[in-house]
Amino acid sequence: MARPRKFDERRVLELARERFWDTGYAGTRMDDIATATGLGKGSLYGAFGDKSAMFHRVFDEWCTAIVELAKQRLTCGPDSEAFTRLSAYVQFVAANTVADTDRRGCLLAKGVAELAQHDPTVADRSAETMAALLALLRTEIAAAQRNGDLDDDADPEQLAALLLTVLRGIEAVGKAGLPSKTLQGIADTTLAVLPRPRGTGRGDPRCGTATC
C-alpha cells in the first residue's frame, strides 16, 4: 500500500510555479524546485513526474485561472452593463500590468515564447486558452451591441480578436518597460475607438457609457 503524502500538493505546485515564472523552463532545474519546496527529488518525481510533466501541470492550472478570472469579470450580468464590464476588464489588464513592477510578465506568454514551437502540449493549451478568452470577449461585445452601446453592424468576432490582441500586447510592452501612463493610454484609446452607434457621443472611455 502506498504511503499517504505528507506535503501540501497545492503549495508545492505554487512554489514550482514561482520558480518557472522567475527563471523560465530551461532555467529551472528539479534541484531548484526541490530546494524551494523542501522535498527530495524522488518525492517530486513520484508525485508530479519529470520537469516537463510538472511544468505542464503548472501551465495548465495557470491557463485555467486566466480564463476563470475573465469569466468573473465578463459575461456575468445583464446586457445593459456589458460595455461597462468590457471597459473595466480592459482597464484591469492595464492596471495589473502597471502593478507588475518586477516585469515578470504572464506565465502564459513566457511559456508560449519559450516552448510552444517544440512542445505540442504547451502549444495546444495556449491555443485553447486564447480561444476561450476570445469567446468571452465576443459574448460581451455581442451583449453590448444588443444594448445599443456598440454598433451592431460591427463584427463581434473581429472586435474580440482586436481586443484580445491589444490586451496581450499591453502585457508584452509593459514587460518591455513602457511607462504606466502609456499603458493606460493604450487602454483608454482602445475603448475610445470601438465602434459606437451613429450619433452616440463617446465620452470618457473609462466610464462605460456615452457620457459620464
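Author: A pocket is an open set of points on a 1 Å grid over the protein atoms alone, where a 1.4 Å probe fits and protein lies on both sides within 12 Å along at least five of seven lines. Its volume is the space filled by probe spheres set on the points, joined across faces, edges and corners. This is a predicted model, where local features need pLDDT of at least 70, side-chain atom pairs count only at pLDDT 80 or more, and totals for chains, interfaces and linings use all residues. Residues are numbered from 1 along each chain as its sequence is written, and side-chain values use heavy atoms, with hydrogens and water left out.

Reader: What is the volume of the largest pocket?

Author: The lining (residues with an atom within 4 Å of a point) of the largest pocket has 26 residues. Trp62, Ile66, Asn96, Cys106 and Glu171 lie nearest the centre. The volume is about 520 Å³.

Reader: Which elements give two or more residues to the lining of the largest pocket?

Author: Elements here are DSSP runs numbered from the N terminus, with helices (H or I) of at least four residues. Four of them qualify for the largest pocket: helix 4 (51-73), helix 5 (82-99), helix 7 (120-146) and helix 8 (156-176).

Reader: By class, how many residues of that lining in the largest pocket are nonpolar?

Author: Nonpolar means Ala, Val, Leu, Ile, Met, Phe, Trp, Tyr, Cys and Pro; Asp, Glu, Lys and Arg are charged, and the others, Gly among them, polar. The lining of the largest pocket has four polar and five charged residues. The nonpolar count is 17.

Reader: Which helix supplies the largest share of the lining of the second largest pocket?

Author: The second largest pocket has a volume of about 200 Å³. Its lining has 13 residues, with Cys106, Leu108, Ala109, Lys110 and Arg168 nearest the centre. By class they are seven nonpolar, two polar and four charged. Helix 6 (107-115), helix 7 and helix 8 each supply at least two, and the largest share, five residues, comes from helix 6.

Reader: How many aromatic pairs are there?

Author: Rings of Phe, Tyr and Trp (its six-membered ring) pair with centres within 6.5 Å; planes under 30 degrees apart are stacked, over 60 edge-to-face, the rest tilted. The count is five.

Reader: How many residues apart in sequence are the parts that Trp21 and Trp62 tie together?

Author: Trp21 and Trp62 pair edge-to-face, 4.8 Å centre to centre, with 65 degrees between the planes. Trp21 belongs to helix 1 (residues 9-23) and Trp62 to helix 4, so the pair ties together parts whose separation in sequence is 41 residues.

Reader: Is Trp21 buried or exposed?

Author: Buried means under 20% relative accessible area, exposed over 50%, partly exposed in between (1.4 Å probe, protein chains only). Trp21 has 12%, so Trp21 is buried.

Reader: What is the relative accessible area of Phe59?

Author: Phe55 and Phe59 are stacked, 5.7 Å centre to centre and 25 degrees between the planes. Both lie in helix 4, four residues apart, so about one helical turn separates them. Phe55 is buried at 3%. Phe59 is buried too, and its value is 2%.

Reader: Which residues do ring pairs link with Phe55 and Phe59 into a cluster?

Author: The cluster holds four residues joined by ring pairs. Besides Phe55 and Phe59, its members are Phe20 and Tyr25.
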